[in-house]
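Here's a walk through one protein model, strand by strand. Have the picture open and follow along as you read.

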Amino acid sequence: MLFTDAEIEQYKEQGYLQGPRVFSDGQIVVLQQHIDEILDGRVDFPKHLMGETIEQSGAKGQLPSVKVVNLFRHDPVFAEVVDNVGIGELAHQLMQGPVRLWEDQMIYKPSFDERTVLAWHQDYTYWDHVGPADMGTCWIALEDATVDNGCMHVVPGSHRWDLDYTREDVDGSDPDWLLKRPDIPVGADLAPVACEVAAGHCHFHHCKTFHGSFGNRTADARRSYIMHLMPGNTRRLGDNWNERQGDVEIVPVGAVLEGATYPELKTAASQDSA
Ligand SMILES: O=C(O)CCC(=O)C(=O)O
């Protein structure tokens, strides 16, 4: 299923867009079980990519929000998702091709844990060593994502605001820090929109769209699988500051990020010509 012209226009104007189903029920079960295996240590996965929250937490089942990054680079089950043509087709409608994978992650919010708030942020704040800032994210629900279990929220149109801060300025102790920026345009509408989606369905957001998520007050875990995507003109602008991300130093400053570390998403046409 593809986006209509009106939907593509909405992405440009509002900086987010609800998408169709991209994972079958069978794929969802495989990924859910595999995430549990990674978190329980039943399959090998580099510990430094699993977030310090795991070490900090005590009993199993009581984990605060857990983020695991770079799954596709280290795990064969997630590496297969890169070849999902449904996601590739949608991404190529929203971004200049060839669209490549910059990073992926899984976020796990355990049941009945209202502390699992993900602060309001703009993804590009943490990606400014690559650019231009036209990157985007495909967010996929691995169970129905609802307001009650901590679905994503976005501030429509915020990707078009010209804010002047760096990641050093962010106050990590205040989840609403971004919403209080003095350089948000006067009179701007900050009302968040909840991105509720059924399991296996996706939504996209631009890398400068304000977004975040609240805690999980339901009896079941909330898992999301997230693909951070780059248009084909994305280049290395500087050095990597975050060792949990892909190795940008494999290309010279100014060069396009491409190659095996940054695989291209497939479309029906690229698959046919392969
Ligand atoms: O899954 C979430 O709750 C938040 C995800 C997020 O911040 C992102 O996709 O950039």
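## Strand E9 and its partners

Let's begin with a pair of residues: Arg21 has His201 in E9 as its bridge partner. That bridge belongs to the pairing of strand E1 (residues 16-21) with E9, which is antiparallel and runs over four bridges. Keep in mind that what you're looking at is a predicted model.

E9 also pairs with E6, again in the antiparallel sense, and here there are five bridges. How many of the six residues of strand E9 are buried? Five of them are, so this strand (residues 201-206) is largely enclosed by the rest of the structure.

## The six-stranded sheet

E9 is part of an open sheet of six strands, in the order E1-E9-E6-E11-E3-E2, and the pairing is antiparallel. At the edges sit E1 and strand E2 (66-69), each of which pairs on one side only. From one strand to the next, the twist averages 20°. Helix H1 packs on the sheet, where it touches E1 and E9, and its direction makes about 145° with that of E1. What holds strands like these side by side? Strands of a sheet pair through backbone hydrogen bonds, in a parallel or an antiparallel way.

E6 has E9 as one partner and E11 as another, the latter pairing being antiparallel over six bridges. Across to E11, Cys138 stands opposite Met227, while Ala141 stands opposite Ser224.

Here's a handy rule: in a regular strand, side chains alternate between the two faces of the sheet. Which residues of E6 point one way, and which the other way? Gly136, Cys138 and Ile140 go one way, and Thr137, Trp139 and Ala141 go the other way, with all of them buried. With six of its six residues buried, E6 is largely enclosed by the rest of the structure.

The largest nonpolar core is made of 58 residues. Those with the most contacts inside it are Ile87, Ala91, Cys138, Ile140, Cys202 and Leu229. The strand giving this core its largest share is E3 (residues 100-109), with five residues. Take Cys202 as an example: setting aside neighbours within four places in sequence, its contacts include Gly19, Ile87, Cys138, Ile140 and Val197.

Ile87 and Ala91 are both among the buried residues of helix H6. Why is H6 described as largely enclosed by the rest of the structure? Because eight of the 10 residues of this helix (residues 85-94) are buried. The cover over those buried residues includes helix H1 (5-14), helix H7 (268-273), and the strands E1, E6, E9 and E11.

## Around the ligand

Next stop, the ligand. Around it you'll find Ile107, Leu118, Asp123, Thr137, Trp139, Met152, His211, Ser213, Ser224 and Ile226. Sorted by type, the shell has five nonpolar residues, four polar ones and one charged one. Which strands each supply at least two residues of this shell? They are E6 (136-141), E10 (211-213) and E11 (222-230).

Ile107 and Val66 are 41 residues apart along the chain, yet their C-alpha atoms are separated by 5.6 Å.

## A second sheet

There's another open sheet to find, with four strands in the order E4-E10-E7-E8 and antiparallel pairing. Its edge strands, each pairing on one side only, are E4 (118-121) and E8 (193-195). On average, neighbouring strands here are turned by 25° against each other, ignoring direction.

E4 and E10 pair in the antiparallel sense over two bridges. To spot this pairing, look for His121, which stands opposite His211 in E10.

Key. Residues numbered from 1 in each chain as written. Predicted model: local features only at pLDDT ≥ 70, side-chain atom pairs only at ≥ 80, totals over all residues. Near = placed C-beta within 6 Å. Nonpolar A, V, L, I, M, F, W, Y, C, P; charged D, E, K, R; others polar. Pairing = 2+ DSSP bridges. Axes fitted to C-alpha atoms, helices over the stretch in contact; angles between N-to-C directions. Core = buried A, V, L, I, M, F, W, Y, C linked by C-beta atoms within 7 Å. Buried ≥ 20, exposed ≤ 12 C-beta atoms within 10 Å, placed from the backbone. Contact = placed C-beta atoms within 7 Å.
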